[in-house]
Amino acid sequence: MVAIGGAVYVAGMDGRVTSLDALTGKRRWASTKEASISGAVVLDCNPSVPTSRRHLYVGNNVGTLYAVDRDSGATRWTFRQASSKHAIFSTPLLLPYSAGDTNASLVYGNLNGDLLRVNAYFAGAGPDHQASSNTLWRLALRLATFSSPSGSVSGFILHFSAKHTMLPY
């Protein structure tokens, strides 16, 4: 669950991403995705990026990562992996923008034991956009990932599993 600008955003096991008015609790919109969502909603609120490109990000239990419009709940793009072995139980990590660059990236783990970094923005992407060509890297940890990458420090991603704790990005 995250909150900004008078709105609260929450995702649930019913596959729904919902926006609520922070003061009244009234539902602003709800958007149903194809499967359960286990991780939390990630919000992009970088002020140097146009509002139209600041999305919510969630992953689901069949391996689809979604960019969702904050104002309407519309799907902006999806990134889908090959099978249910790629289920996303972790919360994606939004990595910081590089100096002079407005392209952020997302890092997340899956049930197959992969840790992936993908572009957060896809020019001209629509709701059916399959972002497979926008994978920046994939690391085969060979252990199912249920924990979420927890942040970046000096060019390293903090990710805790039985094998790795800090990974360069």
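Strand β15 (residues 166-168) has the lowest mean pLDDT among the elements of the protein chain, at 49. Strand β3 (residues 16-21) has the highest, at 96. Here pLDDT is the predictor's confidence in each residue, from 0 to 100. Strands are DSSP runs of E with at least two residues, numbered from the N terminus. Over the protein chain the mean pLDDT is 77, and 68% of the residues reach 70 or more. This is a predicted model: local features need pLDDT of at least 70, side-chain atom pairs count only at pLDDT 80 or more, and totals for chains, interfaces and linings use all residues. Residues are numbered from 1 along each chain as its sequence is written, and side-chain values use heavy atoms, with hydrogens and water left out.

Now take the sheet. Four strands form an open sheet in the order β5-β6-β7-β8. Their pairing is antiparallel. Two strands pair if DSSP finds at least two bridges between them. The edge strands, β5 (42-43) and β8 (75-80), each pair on one side only. Within the sheet, β6 (residues 55-59) and β7 (residues 64-69) run antiparallel and are joined by five bridges. Leu56 has Val68 in β7 as its bridge partner.

Next come the rings. The whole structure holds three aromatic pairs. Rings of Phe, Tyr and Trp (its six-membered ring) pair if their centres lie within 6.5 Å; planes under 30 degrees apart count as stacked, over 60 as edge-to-face and the rest as tilted. One of the pairs is Tyr57 with Trp77: the centres are 6.0 Å apart and the planes stand at 40°, so this pair is tilted. Tyr57 sits in strand β6 and Trp77 in strand β8, 20 residues apart, and the pair links distant parts of the chain. Tyr57 counts as buried because its relative accessibility is 0%. Trp77 is also buried, at a relative accessible area of 2%. Buried means under 20% relative accessible area, exposed over 50%, and partly exposed in between (1.4 Å probe, protein chains only).

Phe79 and Tyr108 form another aromatic pair. This one is edge-to-face, with 6.5 Å centre to centre and 75° between the planes. Phe79 belongs to strand β8 and Tyr108 to strand β10 (residues 105-109), so the pair links distant parts of the chain, 29 residues apart. Phe79 is buried, with a relative accessible area of 4%. Tyr108 is buried at 0% relative accessibility.

Finally, a charge meets a ring. Lys33 lies over the face of Tyr66, 5.2 Å from the ring centre. The criterion asks for NZ of Lys or CZ of Arg within 6 Å of the ring centre and within 35 degrees of the ring normal.
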